[in-house]
Amino acid sequence: MNDTTIAALDRLGALRSELDGVALPLSVAGADAARDARRSAVRQIDDYIQPRLSNLEAPLLAVVGGSTGAGKSTLVNALVGIPVTRTGVIRPTTRQPILLHSPADAAWFASTRILPGLARVTGTVREAPSNEAGEEPDAAQIGSVVLVADERVPRDLAILDAPDVDSIADENRELAAQLLAAADLWLFATTANRYADAVPWKLLDDAAARDITVGVVLNRVPPGAEAEVEADLRQMLGLRGLGTAPVFVVAESALDDRGMLPEQAVAGIRGWLTAIAGDRAERARIAGRTLAGTVERLGVTARAVAEARDEQIVVAKDLRETIATVHHDAAERVGDATRDGVLLRGEVLARWQDFVGTSDVFRTLESWFSRTRDTVTAWFQGRPAPAIEVEHEIESGLHAVMVDEAGRAASEAWTRVRQSAVGRQLTSGADLAHPSPELAERASRLVRDWQQALIELITEQAAGKRTKARVMSLGLNVITVALMVVVFASTGGLTGGELAIAGGSAVVGQKLLETIFGEDAVRRLAAQARQDLEARVHVLMDGEAARWDALLAPVEEGADGDALRDAATWLQTAMAAVGAPAEQHSRSLLPSDLVEAEALDDEAESPIEGEATQIRELGPGEADR
């Protein structure tokens with residue numbers, strides 16, 4: 001293996017990791033198709049692209065596919081010359097796919113290098129009519145492939161009888177798609193009655209997109225209708241980009257007592273496959289062409305998944321922004337409540353009135369301040385109340401505002417998210433319509449921490465001996481309460497007597513602070529205190545919004561669309577460096593090119609990991625379609 005191939009394998013592994021890790025959990029438009037495409041792409045990398053890129057010289061795998069009743073198993077038996085896979089009219093017939101190969105190729109197909117997700121069962125051929133050949137259909141064995149080695153299969157090209165592409169059983173259809181995606185070439189069987197059906201053409205369109213070599217078998221054609229039906233089919237193939245695909249017409253024929261077609265009925269098909277198997281250059285051309293087309297198609301798929309991934313991220317981002325906006329607005333409303341005087345209403349205002357009107361603190365101020373105080377407190381009555389009571393009332397009011405606004409934000413975010421189907425899917429089984437149980441405690445801690453921060457601010461400001469002495473003589477609690485009142489006493493939300501009283505209260509508190517610290521210092525202290533409180537409130541609300549992370553993080557985690565697109569581009573660049581065989585652009589072999597295959601002298605590989613160990617005689621069993 002050369003350096004360019006190793007580099008391409010590295011890039012392939014990187015793209016696989018990105019695809020495997022991409023998250024598409026939301027049921028937005030196109031998400032189901034993108035998830036299916038991603039899963040199929042990862043499986044195809046494992047089943048086909050990685051092993052084929054690792055070894056272009058390995059035997060080819062020809063998968064026989066088609067619709068129910070197309071006679072695939074009958075064709076396979078005829079190609080081998082003995083019943084090896086079961087035919088019949090009961091559907092679905094095939095459960096386990098049958099992989100027929102030359103004994104010389106046993107090591108390659110027994111290994112898990114290709115189709116690693118399917119268990120291997122080694123079968124043996126026994127004499128039995130076609131309706132008893134193979135094994136009894138067994139749904140429990142759907143995840144395995146039966147390997148049958150027979151000298152009549154040409155070396156370097158195996159034949160795999162796949163389940164129906166339109167089977168009534170979901171697992172059969174999925175397995176058929178998986179096997180066709182792992183093929184180097186297709187032998188696609190249809191009938192004169194069903195060649196225009198939609199399901200086969202969907203798969204043939206995929207073959208054209210992958211540039212895979214396809215041989216089309218038009219089976220069970222009534223005598224005399226061969227030319228007309230073949231011409232119509234060829235025209236349809238041409239319109240779908242498969243005009244060079246060889247078409248093999250198998251006329252309606254009587255089966256012998258073993259359920260076998262006449263040998264001449266499939267001579268053209270056998271000759272085409274044998275010619276490919278015996279021509280090393282043609283095998284390399286087919287392998288290179290299919291690989292290149294499959295990688296190109298993989299890039300298209302990766303970019304489609306990237307678009308779906310981008311859509312998921314956009315939806316998650318929009319939901320997160322909605323939630324963040326609601327909680328940001330709640331924090332702003334708390335800020336408004338601390339600016340408009342609301343927190344100085346009711347009991348807080350009464351306690352502050354008592355304190356200002358009767359406290360010895362204010363009677364010790366300079367006479368000019370005392371005059372201001374006397375004017376302001378002329379209305380105050382009641383018993384003296386210590387500063388701690390004012391502080392407690394402010395704490396209670398601030399706490400209540402924060403809890404109320406957080407509850408309002410939780411309810412609003414829940415309602416807005418669940419307005420969409422995606423939001424309802426995201427929140428299924430969750431309950432975020434109410435604030436967190438820890439909110440009340442967190443809000444209490446916020447108030448305590450903020451008050452402690454105010455004390456530290458005041459302490460830092462009281463650096464001089466004289467200022468420090470004044471602060472200590474009055475008490476930190478008094479100074480802290482006065483600062484909180486200044487922060488909260490903007491009068492936008494008060495009216496009438498409340499406005500005059502609260503406004504005057506703010507003046508008293510501010511004059512007290514200015515007497516101690518000076519006007520500029522008080523202005524800075526108040527601004528810092530407000531900014532600190534608002535920052536803490538935003539952190540509190542952000543914490544409530546963060547509860548949505550458990551729902552949104554799984555959507556946002558993993559590769560984004562750009563990572564997928566980059567990985568796809570890097571793989572295609574690396575594949576261009578690997579190059580293709582010189583014969584890649586030559587025409588496909590046609591029936592007129594048929595030659596008898598010559599066995600190559602290549603040494604057969606020794607058995608490797610994943611080799612089949614279970615031996616079974618093929619009894620009644622595998623599928624016809």
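**Figure 1. Residue classes in the lining of the second largest cavity.** Ala, Val, Leu, Ile, Met, Phe, Trp, Tyr, Cys and Pro count as nonpolar, Asp, Glu, Lys and Arg as charged, and the others, Gly among them, as polar. By this scheme, the lining of the second largest cavity divides into seven nonpolar residues, one polar and no charged. The model shown here and in every later view is predicted. Phe188, Thr190, Tyr195, Pro200, Trp201, Leu204, Val216 and Leu233 line this second largest cavity. The space inside comes to about 30 Å³. Two elements, strand E6 (185-191) and helix H6 (198-210), each supply at least two lining residues. H6 gives the largest share, with three.

**Figure 2. The protein as a whole.** The protein has 625 residues, and buried residues make up 51% of them. It holds 21 helices and nine strands. Among contacts with a separation of 6 or more, 85% are between residues 24 or more positions apart.

Figure 3. In soluble globular proteins, nonpolar side chains tend to be buried together. The largest nonpolar core here has 71 residues. Leu19, Trp186 and Leu298 have the most contacts inside this core. A second, separate core has 63 residues. Leu319, Val326, Val422 and Leu533 are included in that second core.

**Figure 4. Close-up of Trp186.** Trp186 is one of the residues with the most contacts inside the largest nonpolar core. What does Trp186 touch, not counting residues up to four places away in sequence? The list includes Val63, Leu180, Leu203, Leu204 and Ala207. It also includes Ile212, Val214 and Trp272. Asp206 and Arg210 are touched by Trp186 as well, and so are Thr213 and Gly215.

**Figure 5. The largest cavity.** Rolling a probe the size of a water molecule over the atoms shows where empty space is left. The count comes to two cavities of 30 Å³ or more. The largest has a volume of about 80 Å³. Its lining is made of Asp47, Tyr48, Pro51, Arg52, Pro59, Leu61, Trp108, Phe109, Ile114, Ala182 and Asp184. Eight of these lining residues are nonpolar, none is polar and three are charged. Helix H2 (31-54) and helix H4 (106-110) each supply at least two residues. The largest share comes from H2, with four.

**Figure 6. The largest pocket.** About 1100 Å³ of space lies in the largest pocket. The lining takes in 33 residues. Which of them lie nearest the centre? They are Asp36, Ser40, Ala177, Lys202 and Asp206. H2, helix H5 (170-181), H6 and H9 are the elements that give two or more residues to this lining. H2 gives the largest share, 10 residues. By class, the pocket lining has 16 nonpolar, five polar and 12 charged residues.

Figure 7. Lys72 is found in helix H3 (residues 72-80). Is Lys72 buried or exposed? Lys72 counts as buried because its relative accessibility is 0%, and buried means under 20%. The side chain of Lys72 is joined to the side chain of Asp164 by a polar contact of 2.8 Å.

**Figure 8. Thr338 and the backbone of Gly335.** Thr338 lies in helix H9 (residues 280-339). At 2% relative accessibility, Thr338 counts as buried. A polar atom of the Thr338 side chain lies 2.6 Å from the backbone oxygen of Gly335.

**Figure 9. Positive phi at Asp156.** Most residues other than glycine have a negative phi. Asp156 is not a glycine, yet its phi is positive, at about 75°. Where is Asp156 found? It is in the loop between strand E4 (144-149) and strand E5 (157-161). Asp156 has 5% relative accessibility, so it counts as buried.

**Figure 10. Positive phi at Arg220.** Arg220 has a positive phi of about 55° although it is not a glycine. Its place is in strand E7 (residues 213-221).

Terms used. Residues are numbered from 1 along each chain as its sequence is written. This is a predicted model: local features need pLDDT of at least 70, side-chain atom pairs count only at pLDDT 80 or more; totals for chains, interfaces and linings use all residues. Side-chain values use heavy atoms; hydrogens and water are left out. A nonpolar core is a set of buried Ala, Val, Leu, Ile, Met, Phe, Trp, Tyr and Cys residues joined through side-chain atoms within 4.5 Å. Buried means under 20% relative accessible area, exposed over 50%, partly exposed in between (1.4 Å probe, protein chains only). Contact means heavy atoms within 4.5 Å. On a 1 Å grid over the protein atoms alone, a cavity is a set of points where a 1.4 Å probe fits but cannot get out, and a pocket is an open set with protein on both sides within 12 Å along at least five of seven lines; lining residues have an atom within 4 Å of a point. Grid points are joined across faces, edges and corners, and a volume is the space filled by probe spheres set on the points. A polar contact is a pair of N or O atoms within 3.5 Å; within protein, one must be able to donate a hydrogen and the other to accept it, and residues adjacent in sequence count only if both atoms are side-chain atoms.
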